[in-house]
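Please open the model in a viewer and keep the selection tool at hand.

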Amino acid sequence: MQTFAKNIAALLLLSSLDAYGAGSKVLATGGATSIEGGAGGGIVPWAVINGYGSSGQWSVTGAVSQVGVDDFTLNSRSISLSYDNKYELSLGRQQLQLDSMGGELNQQIIGLKYKIAGELLYSAMPQISIGVQQKKQLDFAVPAAVGARDEQGTDIYLAASKVWLDAVWGRNVLLNATVRATKGLQTGLLGFGTSSDNGYQYVGEFSAVLLLTPQWAIGAEFKQKPDELAFAREDHWRDLFVAWFANKHLSVVAGHVDLGSIATFRNQTGYYLALESTWAF
Amino acid sequence: MGILIRALLLLVLTGCSSSPEPKDWLYQQLGGAPGLEQLADGLLREIEQDRQIVHHFKDTDIARFRKLLIEQFCELSGGPCKYSGATMQESHTGFQITEADFDNLVGHLIKVMTEQQVPVAAQNRLLAKLAPMYKDVVYR
Ligand code: HEM
């Protein structure tokens, strides 16, 4: 806890150096960092590229988050590197603590995203990106025991994001829609594919954000999930959040999540908290 | 949760039917003629201090640029002016202005408007009018 407090203090101090390494993109247009690592909302990857690096600029983004629901805690951390507001590489690590059962499951996620077309703020067409996530479940014994086929899987997604300026009550609105092909069971935390079905499932994921001021936003997300495991139902995920963009180096997201049923534990609801720091060069 | 999502959707839908407002609403929100002059001067100050974009203006007649910028913002915001300059595409061709350059200028504009206490709704209205010009300004 003490090192945590020290880290936060160091982050805040660094983040007060507002103008240094800020990058050109407009505040909040780097989005937040999703639990899988790249730019997004909390649970949905967006077409947005992480950080504030615009054309010809690099940015490095670090993020930590925690989801706490009735019987589980998910700790995620990631680092990502972006270039040219087009390319994004992210390395993520998730630790799912099985609070009621005991034990933990760790997953590693390497993500790549490439912006195909559009400009989030400036074009009539949405910004469109394609991404892949190479996921590996590092503690496969439990997932294998409950019916998962593979410890590894590759997700592919296509995302479209757009900001409508002056959309509602003079406020800006961001909408994002993502289609994902996945074999992941509970996003890969319980492995990939089953003995009866090793095909890709296609799911839709959506985020809506209202930017109240340049620094404050509220939003909602919906993440459709496949339901492939025989031993337990898997539900769609939802969240509501408030985001604060202190400056181009620091943002905080706090939310409420509804993860439905997870591994026979029903009605998993709770909080989401995320902290991001980003630097551009 | 479902109720909240529906409420948000309703909010988005009803927000589109805006109540009648004067034609020069934005012009007034920006502070009229003196407000726009301040805005232009603020922008010029920011540009001058921005090493990334200032080089584009090394051969520019600044007095003329200032006058045209004020005219353009005045006309765009419903004020009593007529823009007399070149089209955005004509005036920016040959400069190879990048996405980052454009982002920087937008950032300066937001900063200056915020300093002049232009309300967020008016800031967003002006940005909404400028954003579509991106394709005429950048990489030409
Ligand atoms: C929507 C955004 C923009 C608007 C509304 C705008 C507006 C204008 C106007 C009204 C003029 C004068 C036109 C004329 O001389 O007839 C002008 C010229 C100019 N603009 Fe922009 N501009 C925008 C974006 C930019 C950006 C991003 C840059 C580069 C950082 C830039 C660089 C210039 C330069 C260098 C000139 C002077 C051209 C010359 O000297 O002939 N503009 N702009």
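Which side chain meets that of B:K67 in a salt bridge? Select B:K67 and B:E71: their side chains form a salt bridge at 3.7 Å, N to O, the term denoting a side-chain nitrogen of Lys or Arg within 4 Å of a carboxyl oxygen of Asp or Glu. Because they are 4 residues apart in helix α4 (residues 62–76) of chain B, B:K67 and B:E71 are separated by about one helical turn. B:K67 is partly exposed at 47% relative accessibility, whereas B:E71 is buried at 14%. Here buried stands for under 20% relative accessible area, exposed for over 50%, and partly exposed for values in between (1.4 Å probe, protein chains only). Helices (H or I, at least four residues) and strands (E, at least two) are DSSP runs, numbered from the N terminus.

The model is predicted: local features need pLDDT of at least 70 and side-chain atom pairs count only at pLDDT 80 or more, while totals for chains, interfaces and linings use all residues. Residues are numbered from 1 along each chain as its sequence is written, chains are lettered from A and ligands numbered from 1 in the order in which they are written, and side-chain values use heavy atoms, with hydrogens and water left out.

**Salt bridges in chain A**

Next, select A:E36, A:K135 and A:R180. A:E36 pairs with A:K135 in a salt bridge whose closest N and O atoms are 2.7 Å apart. This pair links distant parts of the chain, 99 residues apart: A:E36 is in the loop between β1 (32–33) and β2, and A:K135 is in strand β7 (residues 127–137). A:E36 also forms a salt bridge with A:R180 at 2.9 Å, N to O. A:R180 lies in strand β10 of chain A, 144 residues from A:E36. A:E36 counts as buried because its relative accessible area is 3%; A:R180 is likewise buried, at 2%. Over all chains, the count is 18 salt bridges.

**A buried asparagine**

Move to A:N50, in the loop between β2 (39–40) and β3 (58–69) of chain A. Why does A:N50 count as buried? Its relative accessibility is 0%. The A:N50 side chain makes a polar contact with that of A:T33 at 3.3 Å. A polar contact is a pair of N or O atoms within 3.5 Å; within protein, one must be able to donate a hydrogen and the other to accept it, and residues adjacent in sequence count only if both atoms are side-chain atoms. Beyond four places in sequence, the residues in contact with A:N50 (heavy atoms within 4.5 Å) include A:G30, A:S82 and A:E276.

**Between the chains**

Show chains A and B together. The contact takes 27 residues from chain A and 26 from chain B. About 2300 Å² is buried between them, 66% of it from carbon and sulfur atoms; buried area is the accessible area (1.4 Å probe) that two parts lose on being put together, summed over both. There is 1 salt bridge between the two chains, formed by the side chains of A:D166 and B:R125 at 2.5 Å, N to O. Across this interface, 11 residue pairs are in polar contact, both residues at pLDDT 80 or more.

**The iron atom**

Finally, select the iron atom of the ligand and B:H92. The NE2 atom of B:H92 is the only protein donor of the iron atom, at 2.0 Å. Donors are N, O and S atoms within 2.8 Å of the metal (3.2 Å for Na, K and Ca); water is not among the atoms, so sites may look incomplete. B:H92 lies in helix α5 (residues 88–92) of chain B.
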